[in-house]
Amino acid sequence: MCLRFVFLLITQAAAWLRLPRREEAWKTAEILMLRHQLAALQRRQPGQPKLNWADRAMLATLLGVIPKARRQGLRLLVTPDTIVRWHRDIIRRCWGARSIRGRTGRPATRRSIRALVRRLARENPGWGTAGSTASWPDSA
């Protein structure tokens, strides 16, 4: 829940940066992205830096603000294809979590309705037989 709030906060900040579409806005986003990459590299990790979910969300959001022509000149920790893959994974997990909830299909019938149908079936033994349609008032 907290991570979702942070992600929404970051995306709203990026949307705010995206509004003016000025050079200053994407330059600011580029600086923030490079600083975030530097912070990820300065963590004491042997070998390749491991980016967590918040790092990925921040990089993907800020990369969306920077114009396509400028993205090619950036030195990123990951390729833009990797960021697109992260986004696809987030969407897949979101829809996967919705399908697991068990709320698919027809909702269960209430007990009171089931009891009523059973009582009516006991009181009317001719229900469901092929020749019992003549007993209906509207069939003649």
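In the predicted model, the second largest pocket has a volume of about 150 Å³. Its lining consists of Gln-48, Pro-49, Lys-50, Leu-51, Arg-56, Leu-77, Val-78, Thr-82, Arg-85 and Trp-86. Helix 5 supplies the largest share of this lining, with three residues; the helix spans residues 80-100.

A positive surface patch was also identified, formed by Arg-56, Arg-85, Arg-88 and Arg-93. Two of these residues, Arg-56 and Arg-85, also belong to the lining of the second largest pocket. Helix 5 gives the most to the patch, again with three residues, and Arg-93 is located in this helix.

Side chains of opposite charge can pair when their charged atoms come close. Three salt bridges are present in the structure. One of them joins Asp-55 to Arg-43, with the closest N and O atoms 2.7 Å apart. This pair links distant parts of the chain, the two residues being 12 residues apart. Asp-55 lies in helix 3 (residues 53-65), whereas Arg-43 lies in the loop between helix 2 (23-42) and helix 3.

Methods: Residues numbered from 1 in each chain as written. Predicted model: local features only at pLDDT ≥ 70, side-chain atom pairs only at ≥ 80, totals over all residues. Heavy atoms only, no water. Patch = residues over 30% accessible without salt bridge, like charges linked within 9 Å, V, L, I, M, F, W, Y side chains within 5 Å. Areas by Shrake-Rupley, 256 points an atom, 1.4 Å probe, with all protein chains shown as cover. Salt bridge = Lys/Arg side-chain N within 4 Å of Asp/Glu carboxyl O. Lys, Arg positive; Asp, Glu negative; His and termini not counted. Charge placed at Lys NZ, Arg CZ, Asp CG, Glu CD. Helix = DSSP H or I, 4+ residues; strand = E, 2+ residues; numbered from the N terminus. 1 Å grid on protein atoms, 1.4 Å probe; cavity = no way out; pocket = protein on both sides within 12 Å on 5 of 7 lines; lining within 4 Å. Points joined across faces, edges and corners; volume = space filled by probe spheres on them.
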